Amino acid sequence: QLNGGDKHWSVYKSDEGRTYGGVEFWHPFASATAPANAVFTPTIGIAGPYEVFEWHGAIAGAATGVTHTIRHAGGQTTKTVNQADNAGRWNSLGTYTFSAGSSDGVTITTTGASGTVIADAIMFAYRG
């Protein structure tokens with residue numbers, strides 16, 4: 001879910017010969033420079049510990065100081081990501097306990113970031 005209106009988020013595609021397992025893929029992501037949020041809400045099937053990862057691609061003017069708020073069973077934790085570094089890979093935000101259902105998740109915000117914020121992908125990897 002992208003909050004902040006269409007004037008704040010732009011959706012791009014990357015089809016510059018990228019492949020996954022030998023198959024070319026279309027890679028959508030959103031970016032914003034104005035105040036906006038991207039909310040990732042998974043449906044957790046099994047309560048327990050999950051390592052949370054974020055993925056961002058490379059873009060000119062990528063933001064530093066991008067706030068990721070992880071909502072989990074123990075409350076919420078805020079992590080800051082420099083999106084000018086570690087592009088094109090899964091970056092761990094830590095391991096947290098999540099409840100079953102869809103009450104938890106991750107919010108990426110542009111507030112306080114310097115540059116273009118990328119809201120690409122969040123992964124929850126079960127560690128129980």
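This is a predicted model: local features need pLDDT of at least 70, side-chain atom pairs count only at pLDDT 80 or more; totals for chains, interfaces and linings use all residues.
Residues are numbered from 1 along each chain as its sequence is written, and side-chain values rest on heavy atoms, with hydrogens and water left out.

The protein chain contains zero helices and 13 strands, where helices (H or I, at least four residues) and strands (E, at least two) are DSSP runs numbered from the N terminus. Of its 128 residues, 41% count as buried, a class defined by under 20% relative accessible area, with exposed meaning over 50% and partly exposed the range in between (1.4 Å probe, protein chains only). The accessible surface, computed by the Shrake-Rupley method with a 1.4 Å probe and, for residues, with only the protein chains shown counting as cover, comes to about 6800 Å², of which 51% belongs to carbon and sulfur atoms. Among contacts (heavy atoms within 4.5 Å) between residues at least 6 apart in sequence, 75% join residues at least 24 apart.

Three strands form an open sheet in the order β10-β7-β13, with antiparallel pairing; two strands are taken to pair if DSSP finds at least two bridges between them. The edge strands, each pairing on one side only, are β10 (90–98) and β13 (121–126). Neighbouring strands of this sheet are turned by 25 degrees against each other on average, direction ignored, the axes being lines fitted to C-alpha atoms (for helices over the stretch in contact) and the angles running from 0 to 180 degrees between N-to-C directions. Strand β7 (residues 48–55) pairs with β10 over eight bridges and with β13 over six bridges. Within β7, six of the eight residues are buried. W55 has A121 as its bridge partner in β13 and W90 as its bridge partner in β10, while V52 is bridged to F124 in β13.

Four aromatic pairs were found in a search of the whole structure, with rings of Phe, Tyr and Trp (its six-membered ring) taken to pair if their centres lie within 6.5 Å, and with planes under 30 degrees apart counted as stacked, over 60 as edge-to-face and the rest as tilted. One of these, between W55 and W90, is edge-to-face, at 5.2 Å centre to centre and 65 degrees between the planes. Because W55 lies in strand β7 and W90 in strand β10, the pair ties together parts that are 35 residues apart in sequence. W55 counts as partly exposed at 22% relative accessibility, and W90 likewise counts as partly exposed at 36%. Ring pairs also link Y50, F98, F124 and Y126 into a cluster.

H72 is placed in strand β8 (residues 66–72) and is buried, with a relative accessible area of 12%; not counting residues up to four places away in sequence, H72 touches T77, Y96, T97, F98 and D104.
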